[in-house]
Amino acid sequence: MSERHPIIAITGSSGAGTSTVTRTFSNIFRREGVHAAIIEGDSFHRFDRKEMKVRQAQAEKEGNKNFSHFGSDNNLFGELENLFRTYSETGQGQARKYLHNAEEAAPYSQEPGTFTPWEALPADTDMLFYEGLHGAVVTPEHNIAQHPDLRVGVVPVINLEWIQKLWRDKHQRGYSTEAVTDTILRRMPDYVNYIVPQFAHTHVNFQRVPMVDTSNPFISRDIPSADESMVVIRFANPKGIDFPYLLNMINDSWMSRANTIVVPGGKMEIAMQLIFTPFVWRMMERRKRALGHA
């Protein structure tokens with residue numbers, strides 16, 4: 001953790017909705033004039049799309065039915081931890097991009113599913129912002145969670161997470177229900193061992209809970225809307241959180257525990273704005289003081 005070079009990490013499973021949190025922070029950064037280095041977790045996968053398919057097929061031939069993007073073998077945990085450590089110490093580091101589709105790949109004249117070359121982060125950034133699968137991972141070999149100054153978990157209830165993944169992969173990527181179901185099953189051990197434990201290390205967790213029947217996510221025709229959901233927001237340390245202010249500003253919100261506020265699903269982004277803007281203010285104030293004393 002660093003006052004001069006703070007880090008924010010958003011962590012959540014595939015299909016969890018971390019992009020919503022990223023959009024909210026982008027709006028905060030723009031409004032507050034914060035220059036952030038943006039890091040996508042997919043860029044720290046070990047293999048590109050083609051090689052991952054080859055290695056997955058080989059793993060299945062060898063009897064490994066749980067080869068996935070969630071585990072340590074298929075990610076560069078060491079490189080990610082080194083980026084966080086280096087940035088917190090110097091404000092510098094090396095990163096690359098993963099090109100998800102043809103639109104992202106076109107400016108680089110590369111194929112979708114490949115990585116750009118490693119390159120230095122932009123100079124003179126105010127903070128580093130990470131969004132991906134492993135922003136708060138702790139393993140016997142690596143402790144990524146120790147470096148970010150703010151760790152945010154995005155954790156829909158599991159059936160909703162599956163519905164969101166099924167809808168995205170079927171409608172945006174052209175996969176069949178059977179193919180997506182196979183991916184969910186294959187990832188489950190790594191989900192339990194690498195994804196879930198992170199949420200014990202986050203400062204704030206957002207969990208969307210649908211108010212409609214999601215008992216069989218594999219036959220659901222659409223994603224429950226925000227207005228059909230509630231969001232449970234849990235603070236690991238509620239000290240300094242102005243709950244009366246939040247309750248007053250967010251209609252129909254209520255406290256379920258001393259460290260937990262529940263808000264309507266349609267109010268999730270405004271809740272994030274109200275909660276995280278002061279976090280960013282404090283980080284920037286500490287950064288200015290630290291740089292002023294340098």
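The model is a predicted one. Helix 6, residues 177–195, bends by about 45° at Arg187. Helix 5 and helix 6 each give two or more residues to the lining of the largest cavity.

**Helix 6**

- A straight helix of 19 residues would span 27 Å at 1.5 Å a residue, but helix 6 spans only 23 Å between its end C-alpha atoms.
- The bend of about 45° is at Arg187, and Pro189 follows within four residues.
- Buried residues of this helix are Thr177, Val180, Thr183, Ile184, Arg186, Arg187, Asp190, Tyr191 and Ile195.
- These buried residues pack against helix 2 (49–61) and helix 5 (158–171).

**The largest cavity**

- There is one cavity of 30 Å³ or more.
- About 90 Å³ of space lies in the largest cavity.
- Its lining includes Ile184, Arg187, Met188 and Tyr191, along with Ile158, Glu161, Trp162 and Lys165.
- Ser13, Ser14 and Phe70 also line the largest cavity.

**Thr116**

- Thr116 sits in the loop between helix 4 (102–105) and strand 4 (119–120).
- Thr116 counts as buried because its relative accessibility is 6%, and the cut-off for buried is under 20%.
- A polar atom of the Thr116 side chain lies 2.8 Å from the backbone nitrogen of Lys97.
- Apart from neighbours within four places in sequence, Thr116 is in contact with Arg96, Lys97, Leu99, Tyr108 and Gln110.

Definitions and conventions. Residues are numbered from 1 along each chain as its sequence is written. This is a predicted model: local features need pLDDT of at least 70, side-chain atom pairs count only at pLDDT 80 or more; totals for chains, interfaces and linings use all residues. Side-chain values use heavy atoms; hydrogens and water are left out. The expected span of a helix is 1.5 Å times one less than its number of residues. The bend at a residue is the angle between axes fitted to the seven residues ending there and the seven starting there. Buried means under 20% relative accessible area, exposed over 50%, partly exposed in between (1.4 Å probe, protein chains only). Contact means heavy atoms within 4.5 Å. A polar contact is a pair of N or O atoms within 3.5 Å; within protein, one must be able to donate a hydrogen and the other to accept it, and residues adjacent in sequence count only if both atoms are side-chain atoms. On a 1 Å grid over the protein atoms alone, a cavity is a set of points where a 1.4 Å probe fits but cannot get out, and a pocket is an open set with protein on both sides within 12 Å along at least five of seven lines; lining residues have an atom within 4 Å of a point. Grid points are joined across faces, edges and corners, and a volume is the space filled by probe spheres set on the points.
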